[in-house]
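Please give a short report on this protein chain.

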Amino acid sequence: FSKIKIIELEVGTRTLITKPYEKSFFPLSLCDTYISSCKISHKVKEYEMDKIKSLGCLRYSEFWIEKLSKVYKNEKKFNQKTKVGVFINDRIFTNPKDFIQKLKNIKKIHIEKSSKPKSILPEKCTPIFNEKFNATQLIDWSDILISHSSSILIEAIIKKKKVFYCNFLKYEDKFEVKKSVFENIKGFYYFDNETDLIKALENCEN
C-alpha cells in the first residue's frame, strides 16, 4: 500500500506569548508536514525540523476572506439598532452568560454572539449552541465587535470594524500568559472595566 501523507494545518494565529508556545517538545511525530502560521521560535526536535513549513496564516488572504463572505452571505434582516457581535471564550470570561445578559439589557443595541475557540469546541457545530452566525458572518454583520486576544480580530481589522477590546479580562495567572499582540493596537477601543464598556455601548450612537 502507498503511504498516505498527513498534513497538519495550524489552527488560528499565535497572538499570545504563553508557556505552551515555548515548550521544548512539539508534537510533530504524527504528521508528515506541519503548516505553521508563523515562524516557530520554540525548540523542536532536530530530526523533525524539515516537517515545518511556515506559510503564514492563509485564512487572512484577500481571496479567502472574499470567498468566505460570499459563501456565508448574511440574509437575515434585523432592526435598526446598533449591531454588536461578541466572541465568547469560556476560558477567559468567568461568567459568560452573566456578561451577555448585561449586554442584552442595553436597549439601544442588538447583541449576537459566537463561541470560541472552535478548535476545542467540536460541539460548536451542533444545535446545543443555537448561534445565528459563524465567525465570518458575525464580523460582516456587526457594527461593533467585542472580544479579547482572539485571532478573529485580525479579520475584524482587515474589514475595518470597530473593536471594543476587553482589557479588564486578565488571565495571566491562570494560563501563564505574558501578553497579547492586541494590547497596543491603535484604533481599538480599550476598556479597563466592565462598567465603562457597558456605558460606551449605551452611548454608542455618539
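## Fold and packing report

α3 passes α7 in a right-handed crossing; a crossing is right-handed if the near helix is turned clockwise from the far one by less than a right angle, and left-handed if anticlockwise. The model is predicted: local features need pLDDT of at least 70, side-chain atom pairs count only at pLDDT 80 or more, and totals for chains, interfaces and linings use all residues. Residues are numbered from 1 along each chain as its sequence is written, and side-chain values use heavy atoms, with hydrogens and water left out.

**The helix pair.** Two packed helices are described by the angle between their axes and the distance between the axes. Here the axes of α3 (residues 96-104) and α7 (residues 194-202) come within 10 Å and cross at roughly 30 degrees. Axes are lines fitted to C-alpha atoms, for helices over the stretch in contact, and angles run from 0 to 180 degrees between N-to-C directions. The two helices are therefore roughly parallel to each other (angles under 35 degrees count as roughly parallel). F99, K102 and L103 of α3 meet E194, L197, I198 and L201 of α7. Contact means heavy atoms within 4.5 Å. By class, the residues of this contact are five nonpolar, no polar and two charged. Ala, Val, Leu, Ile, Met, Phe, Trp, Tyr, Cys and Pro count as nonpolar, Asp, Glu, Lys and Arg as charged, and the others, Gly among them, as polar.

**Overall content.** The chain has seven helices and 10 strands. Helices (H or I, at least four residues) and strands (E, at least two) are DSSP runs, numbered from the N terminus. Of the 206 residues in the chain, 42% are buried; buried means under 20% relative accessible area, exposed over 50%, and partly exposed in between (1.4 Å probe, protein chains only). Among contacts between residues at least 6 apart in sequence, 60% join residues at least 24 apart.

**The two sheets.** Strands pair if DSSP finds at least two bridges between them.

| β1-β3-β4 | parallel | β1 (7-9), β4 (52-54) | 20 degrees |

L9 has I35 of β3 as its bridge partner. I35 in turn is partnered by K53 in β4. Three bridges also link β3 and β4.

C166 stands opposite F191 in β10.

**Two residues.** Is T82 buried or exposed? T82 is buried, at 17% relative accessible area. T82 is found in β5 (residues 82-89). Leaving aside neighbours within four places in sequence, T82 is in contact with K108, I109, H110, D143, I144 and C204.

G187 counts as exposed, at 60% relative accessibility. The loop between β9 (177-180) and β10 (189-191) holds G187. G187 and F164 are 23 residues apart along the chain, and their C-alpha atoms are separated by 9.8 Å.

How values were computed:
Parallel < 35°, antiparallel > 145°, perpendicular 65-115°, else oblique.
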